[in-house]
Amino acid sequence: MFDILIIGGGVSGMSCALILGSAKNKPFVIDKKIGIITHQKTSSLQEALINNAYGITPGKLGSDLLIESIQHLSETYPHITQIPSEKVLKIEGESPEFTITTNKNIYKTKTIVMAIGYSNTFDIEGLMEYVEPHQKTLAEKQRIQLKNIDHRVADGIYVTGTLAGWRSQVAIASGSGAAVATDILTLWNGGIQTQSHDSIKKSFIKL
């Protein structure tokens with residue numbers, strides 16, 4: 001049983017995973033089991049050339065960024081379970097226990113983060129009732145989003161990035177994933193507002 005399972009290995013999903021991973025030493029996170037289904041094949045980054053995102057070297061190919069993000073997560077936060085090359089077909093149950101069926105396996109999780117794109121080919125059984133036209137794209141593009149309030153679709157179900165109704169920008173997607181991660185940390189911390197920062201000071205060794 002996962003405490004949280006992130007579905008999607010694009011910008012918003014990986015950002016969410018990295019923030020949660022960085023909080024690993026917090027007392028209320030130590031025993032949490034975190035997983036991410038790192039499906040990236042349909043990510044819009046596959047065809048992206050990035051010149052306008054803070055902290056990313058201009059000229060970076062989105063396809064390279066996707067590969068590097070997987071390596072980053074593996075090397076820096078190996079305690080997070082990565083599940084590659086699986087596509088989610090169905091979600092059943094309600095908080096605090098969901099069953100996720102993919103094309104290869106079945107998983108149990110207490111919380112879900114939907115972090116896949118906003119294509120109108122979205123067809124995950126159990127979530128179709130939340131699908132609506134995307135509010136910030138041209139109607140002729142036929143993009144969709146999941147109904148949500150501040151990234152929350154229903155109890156135990158969150159959505160990030162373009163599927164949450166945000167525009168397609170790397171910086172926006174990254175921030176959306178981070179926002180959901182800090183909301184989850186706050187929830188795990190008994191409702192006390194919580195975030196996770198890395199600090200140079202933490203790296204100093206006192207002699």
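User: A nonpolar core is a set of buried Ala, Val, Leu, Ile, Met, Phe, Trp, Tyr and Cys residues joined through side-chain atoms within 4.5 Å. Which residues have the most contacts inside the largest one?

Analyst: This is a predicted model, where local features need pLDDT of at least 70, side-chain atom pairs count only at pLDDT 80 or more, and totals for chains, interfaces and linings use all residues. Residues are numbered from 1 along each chain as its sequence is written, and side-chain values use heavy atoms, leaving out hydrogens and water. Buried means under 20% relative accessible area, exposed over 50%, and partly exposed in between (1.4 Å probe, protein chains only). The largest nonpolar core has 24 residues, and those with the most contacts inside it are Ile 7, Ile 91, Ile 112, Met 114, Phe 122, Leu 127 and Leu 146.

User: Which strands each supply at least two residues of this core?

Analyst: Helices (H or I, at least four residues) and strands (E, at least two) are DSSP runs, numbered from the N terminus. The strands that each supply at least two core residues are β1 (4–7), β6 (88–94), β7 (97–102), β9 (112–114), β11 (144–146), β12 (152–154) and β13 (157–159).

User: Which residues does Phe 122 touch, not counting residues up to four places away in sequence?

Analyst: Contact means heavy atoms within 4.5 Å. With residues up to four places away set aside, Phe 122 touches Met 114, Ile 116, Leu 127, Met 128, Val 131, Ile 144, Leu 146 and Leu 163.

User: How many residues does the second, separate core have?

Analyst: Cys 16, Leu 73, Tyr 158 and Ala 181 are among its members. The count for this second core is 23 residues.

User: Is α1 parallel or oblique to α3?

Analyst: Axes are lines fitted to C-alpha atoms, for helices over the stretch in contact, with angles from 0 to 180 degrees between N-to-C directions. Under 35 degrees counts as roughly parallel, over 145 as roughly antiparallel, 65 to 115 as roughly perpendicular, and the rest as oblique. Helix α1 (residues 11–22) and helix α3 (residues 170–188) pack at about 40 degrees, with axes 7 Å apart. That angle therefore makes α1, relative to α3, oblique.

User: Is His 197 buried or exposed?

Analyst: His 197 lies in the loop between α3 and α4 (200–203). Its C-alpha atom is separated by 11 Å from that of Thr 182, 15 residues apart along the chain. The relative accessible area is 52%, so His 197 is exposed.
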